[in-house]
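Welcome! Take a moment to look over the sequence and the model, and then we will walk through a few of their features together.

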Amino acid sequence: MDLYFKRYRGSAEAKDYIAWATGNLYKFSRNVKVLAGMSLTNHHNLFEIEEIFQKAMQELGLQTPAELDCVHHYVKKLHMELLYSGENAISVVREIYQTAITYELSDLQEEWQELSDATDDYLDGDNSHAYTKESLQHWIVADARKRWQLHIHPLCFDVFIEQKIVSVDTSGQLTLEFERGFLTIECPWRIRNAEMILLGETDIKSNAVALEDAKELLVGKQIKQVLLLDHCPLLIVQADDVFLDLFHASSYFDGWTIGDEEELYLFSMHGGSIT
């Protein structure tokens with residue numbers, strides 16, 4: 001995504017194409033090998049590199065991602081920088097906010113408004129709140145870490161709202177059938193209410209009969225909310241007074257699959273990425 005974003009911005013350099021090719025060497029494309037083998041120390045003709053890149057894309061059957069997808073990836077990387085260090089926190093916040101303005105991303109702009117205003121006050125205003133560089137960096141990093149963990153995926157699950165869970169199959173992998181959809185679970189899970197955990201995957205390892213309790217807790221319940229925490233990833237399904245939490249816990253195996261009768265088909269791949 002990094003290369004594609006820079007191409008949209010008109011700022012891609014030879015090193016960006018070489019880095020992209022190096023990351024795709026395992027795909028065994030002749031033109032990818034040509035790009036990856038170029039020296040970073042030599043001067044390269046960008047028109048020639050772009051031509052090789054286009055041929056590599058054709059060989060791999062790849063399509064250029066939409067510009068907004070690249071923008072969101074860029075913002076996500078900026079946000080990630082704030083999780084580990086506050087050294088460049090002020091400039092990173094300004095870049096995130098300016099990107100939101102440039103691409104008219106009103107939700108993103110609103111999300112980072114307060115921190116952006118604080119950095120403007122510190123750098124360009126009268127600093128009426130008497131911020132120091134250290135105090136502002138500390139605030140930004142603490143807020144960014146909290147925001148990262150609680151970030152809700154923008155995908156809409158409204159198609160499932162008010163549907164009932166009509167059956168729970170415990171014969172193999174745990175599968176919930178909705179009135180017009182399904183949820184298949186291949187990862188750790190738990191069922192809780194507002195106060196405590198009622199049943200979890202660990203419980204059934206010592207008592208297989210407890211799987212029948214899952215049926216009693218879920219069948220007939222009406223779905224009130226489905227949330228996907230973007231960066232964990234954690235899928236939460238609220239059905240009346242209980243919550244079903246799904247934790248993707250493998251770098252090798254898929255976690256869960258949810259779908260309806262029409263277009264929505266979503267699953268967490270190995271490593272937790274959502275497709």
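Strands (E, at least two residues) are DSSP runs, like helices (H or I, at least four residues), and are numbered from the N terminus; two strands pair if DSSP finds at least two bridges between them. With that in hand, find Thr 184, which stands opposite Thr 257 in E9. Strand E3 (residues 181-185) and strand E9 (residues 256-260) pair in the antiparallel sense over five bridges.

This is a predicted model, in which local features need pLDDT of at least 70, side-chain atom pairs count only at pLDDT 80 or more, and totals for chains, interfaces and linings use all residues. Residues are numbered from 1 along each chain as its sequence is written, and side-chain values use heavy atoms, with hydrogens and water left out.

Five strands, in the order E1-E2-E3-E9-E10, make up an open sheet with antiparallel pairing. Strand E1 (165-169) and strand E10 (265-267) stand at its edges with a single partner strand each, so one side of each has no neighbour in the sheet.

Next, visit Ala 239, in strand E7 (residues 234-239). Leaving aside neighbours within four places in sequence, Ala 239 is in contact (heavy atoms within 4.5 Å) with Ile 165, Lys 221, Gln 222, Ile 223 and Lys 224.

The table lists relative accessibility, where buried means under 20%, exposed over 50% and partly exposed in between (1.4 Å probe, protein chains only).

| Residue | Relative accessibility | Class |
|---|---|---|
| Ala 239 | 1% | buried |
| Cys 156 | 47% | partly exposed |
| Cys 187 | 4% | buried |
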